[in-house]
Amino acid sequence: MDSVQLLQGLVQIPSPNPPGDTRAIADFVASEMRAIGCDLRTPAPAAKPEARNAIATLGEGSPVIMLHAHIDTVPIATNEADKWHVDPYAGLVKDGALYGKGSIDDKAPLASMMLAMADAAQQDALAGTLVLVAAAEEEVGGQLGSKWLADNGHLPSCDFIVVGEQTGNKVATAHKGVMRASVHTRGKAVHATNPDRGVNAIVAMSKLIAALHDYHNDLANRLHPVVGVPTCNIGVIEGGSTANAVPDACQIKLDRRMIPREDPNAVIAELKAVVEAVDIAPATADIDSFVYSRWFDSGLDTELGQIFLSCVRDELKADPGPIGYLPGSDAKHLTDLARGDMIIFGPGSYEAAHAADEHVALAEYQATTDILLDFLRRTIYRAN
């Protein structure tokens, strides 16, 4: 496979999510992997059959190594379209980089993994099993992608898992989890000509916002060695209908980032305690609609993990990590499959993802491929 043409081929197949139709790109991956001799499956959930995945397998026995990347991308937003200086689905190569929607997130990691599979397929035999997972639905949480695959027996237990994301080719061993929630205040609506007759739900909410901001500041005392501190952000506020009426309802939506090992039930209890501790009488308040997405944490204390670190060190001639990965990833859905280490790894920075003129430096993409190839040669190639 030509590495640039392969990545161009992936970029040239739009796979925005929403709507999340990954049939064309899953079939492309399946066709390429079938051509090199892999066993192929393309499962999809009945709830969303267009969210097709591709799973390619080479070899048998242990160790089992999984290479995982997602095939959906974020869509091109209306206010983003006029900011692109190139066709987002052309895969243009310019000044040492390949441009296009999904080029860095997540089609460059996927292409590197496909190239590694192609190299492995040329070996007489493998001393283990190599699995490539091209997963749908990551951009909307992975519930009908990697989580569905894991929960329904489509993925094996693994001795080592590489989840492709943007880490500058360093080894990431953790990312934060997320707790979302909504806070509501309720008051009494009256005409604004005499507002003291009413109970202003927005004023009540302002007191809760101050308390939640203090809570956010207090979280800075909890430090994880690679992902930093937990946070609490208020991202949405809604309330009132007109300036000449006292609002009787207000709502905020918050995002509480959790560092690894934080207990989601304890976080829910903390948020409830913050809300309940604020005196907003005669207004009332409650917090609900909790939605949790788990954190990921791995130790890199296995032989395979140490070998991967060595491969990165040798390629980059620099400290390989471990580092933290600030966005989330599908790693959270694969934790129960990892009987060994799991890492997040790939070219570039997440800062270039989800943006106009998304691109990947070809040198970084090549380094990703070389590191994966070196790792396989040191681990499951018979001649290693």
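A: In helix α5, the buried residues are Ala201, Ala204, Met205, Leu208, Ala211, Leu212 and Tyr215; buried here means under 20% relative accessible area, exposed over 50%, and partly exposed in between, with a 1.4 Å probe and protein chains only. Viewed along the axis of α5, these buried residues fall within an arc of 115°, so they line one face of the helix; the arc is taken from the directions that run from the helix axis to the C-beta atoms. The model is predicted: local features need pLDDT of at least 70 and side-chain atom pairs count only at pLDDT 80 or more, while totals for chains, interfaces and linings use all residues. Residues are numbered from 1 along each chain as its sequence is written, and side-chain values use heavy atoms, leaving out hydrogens and water.

Helix α5 comprises 18 residues, 201–218, and spans 26 Å from its first C-alpha to its last, close to the 26 Å expected at 1.5 Å a residue. That expected span is 1.5 Å times one less than the number of residues. Helices (H or I, at least four residues) and strands (E, at least two) are DSSP runs, numbered from the N terminus.

The cover over the buried residues of α5 includes strands β9, β10 (231–239), β11 (249–258) and β12, together with helix α6 (264–276); contact means heavy atoms within 4.5 Å.

Two parts of this cover lead on to other features. Within strand β12 itself lies Ser289, a residue other than glycine whose phi is positive, near 60°. Most residues other than glycine have a negative phi, and most peptide bonds are trans. With 47% relative accessibility, Ser289 counts as partly exposed.

The largest pocket has 35 lining residues, and those nearest its centre are Gly141, Ser293, Gly328, Ser329 and Lys332. Strands β9 (177–186) and β12 (284–293) are among the elements that give two or more residues to this lining, as are helices α4 (146–151) and α8 (331–334). On a 1 Å grid over the protein atoms alone, a pocket is an open set of points where a 1.4 Å probe fits, with protein on both sides within 12 Å along at least five of seven lines, and lining residues have an atom within 4 Å of a point.
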